[in-house]
Amino acid sequence: MHGGNHWGGSLEIVNSNSIAEGFADSNNNRSNNNNNNHSSSSTDDWDRAALHSQRFHHLDETQQSWLLGPKETNKKNRYVDLGCIVVSRKALKWTVASFLIAFLVIGLPVIIAKSLPKHKSAPPSPDDYTHALHKALLFFNAQKSGKLPKNNGIPWRGNSGLSDGNSTTDVKGGLVGGYYDAGDNTKFHFPMSFAMTMLSWSLIEYNHKYQSIGEYDHMRELIKWGTDYLLLTFNSSATKIDKIYAQVGGSQNGTSEPNDHNCWQRPEDMDYPRPVQTINAGPDLAGEMAAALAAASIVFKDNTAYSRKLVKGAKTVFDFAREGGKRRPYCRGNPFIEPYYNSSGYFDEYMWGAAWLYYATGNVSYLSLATNSGLPKNSKAFYRIPEKSVLSWDNKFRIFLSPGYPYEDMLRMYHNTTSLTMCSYLEQFHVFNWTRGGMVQLNQGKPQPLQYVANAAFLASLYVDYLNASGAPGFTCGPNFITLAKLRSFATSQIGYILGKNPMKMSYVVGYGKQFPRHVHHRGASIPSDGKKYSCKGGWKWSNNPKPNPHNITGAMVAGPDRFDKFHDVRTNHNYTEPTLAGNAGLVAALASLTTSAGIGIDKNTMFSAIPPLYPQSPPPPPQWKP
């Protein structure tokens, strides 16, 4: 159709000159084609098959080889036509091999990994405090009274005290449940309430740690076991009450009749009368019970119905504590209580209970009471009496760190008193005596020191975390600046002493470490589970038995050494080997504050979640002005 030659020049090749001319013409034509208009560029659409037939019909084989190179058959042997591209066979083989190797090395493992079941990342390695904490919590499982859950985890314990309080006609089902206090089978409600407050306080401040180490649900179950029982000890559905059941079991000194102290029996085998002590006045017990219920209501704020029930009970029992004409110690004149858990006063319980109710409800009337100048005056909180700075079941105070009008002056005094308390714990200020082995003697060298040591360690560690949260590098003791590291060192040294860093090389927590007490003063742990029921008097052979207990009461912190760091592992001396509910609660709190398995610091939000702003909130901006 078109006479033009795509190669330029003549289609006939005569000699080498004409070939050269042809290639020259071709170059000229290409240059001209770049400047042609659209109509001339249509030559690109020529029928190439037709041109091929015209051009090469007259060329011999040699001429064709000059223009087209090697024969087509060789190219087919070395290349593969993939349609859109032509590649060499060798390159294709290497490419396919590379993809196959990449799949085997990278792709296949990824597919296998994604097909495997998902697992949570491993938690951080637990430290010594975490190991001890796991064990310390088991002590509460061993102290449970009532009908035990199947997963209680203490194989040598069973149902017990199922007839407790059956003479109390106003309590449906009696006073079944709660915890035995120590190595006997008595349920003392005053220290039990304190223990529940301490457990709740610890869980509120360090809930993230308990969750990380897998003890969060366990802690909540232990607290609820206690608060469920405390709600039975008064008419918690009422708004006004006139009595509280203060104790179940116990004994009177000097009597020979069967009771918790004259008999040595497992709780499961008790067959003697267990009298219930009823009080019609007792602001100390009622104030502590209010604190326990209010603190637990914060723990269970995710369970709205139960949290409200706890708050209601706390308000009711606190109103009982504040009722005029009934302000006398709960134990006064009661021979079943006074020799054992004698209260030294109730103004500290007023502050303690009011503070916890304020945290639980946000009601400023409770804050007004907690900061009333008369309470610290009557409780001698600001008198700098050393024993008043020691937290225990009988002596409480609260750390306030957020002063606000109109309470700022009183709260600042509480804060200053707390700082002075921390100063008193440090050996350099010679407020308390110390043993040569490194234990602070917070109970003035009297027996059973470790419960006070554990509480002090918890307060010191918590105070460090509070100051860290507020950005304070330390505090002052007179002209001396005390770093947070120094106060934390006090806490770690005291817990270290309890866990075995002492002259006896003895861990005072049963089951922790290589050497720990084997003759714990505890009825249930000392009597074998051999299917036999030992009578009130028949069980004493196990008390006097020189052999180790058949059951280790894991996690129990015993009473501790004397003021010379000496410890006698004998079952018959409770001043060395008897554990208590309140003492173990302080140990749990201290261990949780010190463990770093789940990081450090406190939960700054949970404690104050119910508290409204102390200052008026900023008013909303005015509406936009329109002319």
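Mentor: Let's start with a helix pair: the axes of helix 7 (residues 189-205) and helix 21 (residues 581-594) come within 8 Å and cross at roughly 10 degrees. Keep in mind that this is a predicted model.

Trainee: How are helix 7 and helix 21 oriented, roughly parallel or roughly antiparallel?

Mentor: Helix 7 is roughly parallel to helix 21, because angles under 35 degrees count that way.

Trainee: Which residues meet between helix 7 and helix 21?

Mentor: On the helix 7 side you have Pro191, Met192, Phe194, Ala195, Met198, Leu199 and Ser202. They meet Leu581, Ala582, Ala585, Gly586, Val588, Ala589 and Ala592 of helix 21.

Trainee: Okay, new topic. Where does Asp127 sit?

Mentor: Asp127 is in the loop between helix 5 (89-115) and helix 6 (128-142). Asp127 is buried, yet it has no salt bridge.

Trainee: Which side chain of opposite charge is nearest to Asp127, and how far away is it?

Mentor: That is Lys209, 7.6 Å away. A salt bridge needs the nitrogen within 4 Å of a carboxyl oxygen, so Lys209 does not pair with Asp127 here.

Trainee: Then what does the side chain of Asp127 reach?

Mentor: It reaches the backbone nitrogen of Thr596 at 2.8 Å. There is also a polar contact of 3.0 Å between the side chains of Asp127 and Thr595. Setting aside neighbours within four places in sequence, Asp127 is in contact with Thr595, Thr596 and Ser597.

Trainee: Now the charged pairs. How many salt bridges are there?

Mentor: The count comes to 16 salt bridges. One of them joins Glu221 and Lys144, with the closest N and O atoms 2.6 Å apart. That pair links distant parts of the chain, 77 residues apart: Glu221 is in helix 9 (residues 216-230), and Lys144 is in the loop between helix 6 and strand 3 (187-188).

Trainee: Is Lys144 buried or exposed?

Mentor: Lys144 counts as buried, at 1% relative accessibility.

Trainee: What about Arg266, which residue does it pair with?

Mentor: Arg266 forms a salt bridge with Asp269, and the closest N and O atoms are 3.5 Å apart. Arg266 and Asp269 are both buried.

Trainee: And what does Lys533 meet?

Mentor: Lys533 meets Asp271 in a salt bridge of 3.7 Å, N to O. This pair also links distant parts of the chain, 262 residues apart. Lys533 lies in the loop between helix 18 (523-526) and helix 19, and Asp271 in the loop between strand 4 (244-248) and strand 5 (276-279). At 53% relative accessibility, Lys533 counts as exposed.

Trainee: Which residues do shared partners join into one network?

Mentor: Those are Arg157, Arg266, Glu268 and Asp269, joined by salt bridges that share partners.

Key:
Residues numbered from 1 in each chain as written. Predicted model: local features only at pLDDT ≥ 70, side-chain atom pairs only at ≥ 80, totals over all residues. Heavy atoms only, no water. Helix = DSSP H or I, 4+ residues; strand = E, 2+ residues; numbered from the N terminus. Buried < 20%, exposed > 50% of the residue type's maximum accessible area, 1.4 Å probe, protein only. Lys, Arg positive; Asp, Glu negative; His and termini not counted. Polar contact = N/O pair within 3.5 Å; in protein donor to acceptor, adjacent residues only side chain to side chain. Contact = heavy atoms within 4.5 Å. Axes fitted to C-alpha atoms, helices over the stretch in contact; angles between N-to-C directions. Parallel < 35°, antiparallel > 145°, perpendicular 65-115°, else oblique.
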